[in-house]
Amino acid sequence: MKERKNMSTDVGRGASAGIRPDHEVVVIGAGFGGIGTGIALQRKGIHDFVIVDKWDRVGGTWHANTYPGVAVDIPSFIYSFSYEQRGDWSRVFAPGSELRDYAESMVDKYGLRARLRLNTTIVAADFDDRNSLWRLSTDGGQQLTARYVVLAVGGLERPKMPEIEGLNDFGGTLLHTAMWDDDVSLAGKRVAVIGTGATALQLIPAIVGETAHLTVFQRTPIWVFPKSDAEIGWLGRQVLGRKRIRSVLRLAGNLGTELAMSGMVAGPAWLTAGGRRLAEAPIRRWMRSQVRDPQVREKLMPRYGLGCKRPSMSNDYLRTFDRPDVTLVTESIERVTERGVVTADGVEHEIDVLVCATGFKLWDRGAVPPFPVRGRGGKDLERFWTDNRYQSYQGVTVPGFPNAFTITGPYGFVLGSYIWMIEATSAHLARAIAESKRRGATEIEIRQDVHEEYYRECLRRQEKNFLFTPVCEGSNTYYIDNNGDSPFRPSTHGEMYWQNRHFDLDVYQYTVGAPTPAVRAEAGRREAQQH
Ligand SMILES: Cc1cc2nc3c(=O)[nH]c(=O)nc-3n(C[C@H](O)[C@H](O)[C@H](O)COP(=O)(O)OP(=O)(O)OC[C@H]3O[C@@H](n4cnc5c(N)ncnc54)[C@H](O)[C@@H]3O)c2cc1C
């Protein structure tokens with residue numbers, strides 16, 4: 001996607017920005033997004049910032065998700081920062097606790113510990129037009145002010161409970177995978193899991209030996225690949241300890257992702273459809289070979305195309321369903337009672353523990369953003385997105401929200417490694433903030449025309465996205481939002497990386513002091529003349 005050459009830079013000088021904020025930058029979220037942002041800011045010489053998080057530890061996703069079996073589902077030597085590669089992972093697919101330790105160690109190594117403000121929930125963010133700064137309200141009734149704010153609030157850590165009648169009447173123990181309680185023992189209990197997505201696929205084999213009986217309620221079967229996981233022993237660590245070897249492995253993994261993404265973005269429809277069908281056949285064969293019971297086997301086979309919904313990898317998930325102490329239920333759930341789960345066929349499945357592996361509030365109202373964000377003139381971000389569909393410039397910023405940046409905004413994330421995106425978007429926003437400071441500006445805002453062009457191009461590319469074709473019917477995919485769009489970035493990682501690092505700095509407009517209405521009108525006139 002090409003960026004337009006800028007014609008306007010400084011909008012003009014109005015009343016000078018008044019009070020001095022508490023910090024230059026406040027970063028909300030201490031997951032990998034917030035940590036990566038802190039490092040990116042430091043690299044641009046910006047040191048007056050704090051990182052706020054509602055929890056008492058860093059790591060975000062990896063702090064929230066501690067259910068048995070939790071692990072990354074891309075190899076660890078890819079799921080790590082390019083500048084912080086490790087050779088000492090215990091497995092090819094590291095367990096969640098190691099990712100959390102990795103986050104902690106980065107905080108120490110990059111001197112971020114003193115910048116953390118943990119146990120602090122932000123409940124609202126308001127742009128103060130008069131003083132060109134953000135006012136962040138905390139759950140403790142305090143206010144933090146910052147010239148710039150970065151929302152690194154993630155998405156896969158706000159648990160979504162299923163909307164099932166009677167859920168709260170359940171007399172046993174109710175759990176969600178993202179709110180795991182280690183004090184709850186599953187030993188000898190009748191346990192049920194609702195959901196068969198990527199999380200359930202990790203959880204089910206990890207608990208099945210412990211439970212007296214395990215009932216799994218499936219709505220949509222998941223595509224499962226074999227997992228080339230292994231413990232990394234002494235020899236493996238010696239090999240992975242070598243930067244060159246790691247780099248080659250990373251390169252190979254990333255090239256594979258790039259090829260797939262390039263095909264999706266640029267390939268003709270017949271080629272991508274053909275490629276998908278070609279890939280599906282051996283996977284289906286392998287999946288079938290994993291389950292002996294023919295009826296159960298068929299129930300576990302997806303009826304939608306590969307790639308419509310997040311697939312995952314496991315060598316033991318499918319086999320679990322051959323066990324006599326496991327029941328797969330595909331009847332839809334009607335309600336939950338005090339004793340268990342009642343399905344549409346009238347059967348009551350009696351259980352002691354009910355685990356909701358039902359994912360996260362990704363596109364739900366009130367979840368994006370997770371608290372009210374009000375920009376210039378009180379413009380509400382959630383309302384804006386509700387009325388105009390999700391949109392943002394490179395996933396980083398939205399017109400009308402000066403000095404505000406996001407790590408994972410709409411049309412920012414390329415399906416693949418999340419860490420790639422964090423590196424790219426944090427470099428983008430750090431570069432923009434540094435430029436704003438260099439120009440002595442108090443406000444920086446993406447130009448409306450640049451934003452619109454980016455959004456138009458994303459929609460144009462999305463037109464041929466196979467997610468909207470009959471092949472994906474019935475997949476219940478979170479790749480499609482509540483407006484029926486797929487707000488993922490339709491580009492390769494390479495393009496995302498390049499554009500976030502090399503955008504023309506004049507795609508932003510910079511304001512020295514809060515502009516007066518007259519300055520604003522003049523800026524509008526100039527903008528109109530450029531079209
Ligand atoms: C089981 C699982 C496996 C995954 N595997 C992979 C994988 O293999 N590859 C991959 O690329 N991605 C994977 N992911 C996605 C993962 O979420 C991202 O890779 C990444 O960790 C997200 O980092 P983040 O900082 O953007 O968000 P998060 O880790 O979600 O961090 C956001 C932080 O913001 C804080 N926050 C939110 N709201 C507020 C508020 N109002 N006030 C204060 N703080 C707030 C939260 O407390 C949290 O700490 C996986 C996710 C899960 C759940």
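Analyst: The answer begins with the nonpolar patch and then turns to the backbone. The model is a predicted one.

The nonpolar patch on the surface is formed by W234, L235, V239, I245 and L249. Together these residues have about 490 Å² of accessible area. Two helices, α5 (234-240) and α6 (243-266), each supply at least two residues of the patch. The most comes from α5, which gives 3 residues. On the other helix, L249 is found in α6. L249 counts as partly exposed because its relative accessibility is 32%, and partly exposed residues lie between the limits of 20% for buried and 50% for exposed.

The backbone also deserves attention. Most residues other than glycine have a negative phi, and most peptide bonds are trans. Against that background, the peptide bond from V368 to P369 is cis, with omega near -5°. P369 is placed in the loop between β17 (353-356) and β18 (373-374).

Positive phi values also occur in residues other than glycine. One of them is N119, with phi near 55°, in the loop between β4 (116-117) and β5 (122-128). N119 has a relative accessible area of 53% and is therefore exposed. Phi of Q394 is near 55°, and Q394 is found in the loop between α10 (381-388) and β19 (404-406). Q394 counts as buried because its relative accessibility is 0%.

Technical notes. Residues numbered from 1 in each chain as written. Predicted model: local features only at pLDDT ≥ 70, side-chain atom pairs only at ≥ 80, totals over all residues. Heavy atoms only, no water. Patch = residues over 30% accessible without salt bridge, like charges linked within 9 Å, V, L, I, M, F, W, Y side chains within 5 Å. Areas by Shrake-Rupley, 256 points an atom, 1.4 Å probe, with all protein chains shown as cover. Salt bridge = Lys/Arg side-chain N within 4 Å of Asp/Glu carboxyl O. Helix = DSSP H or I, 4+ residues; strand = E, 2+ residues; numbered from the N terminus. Buried < 20%, exposed > 50% of the residue type's maximum accessible area, 1.4 Å probe, protein only.
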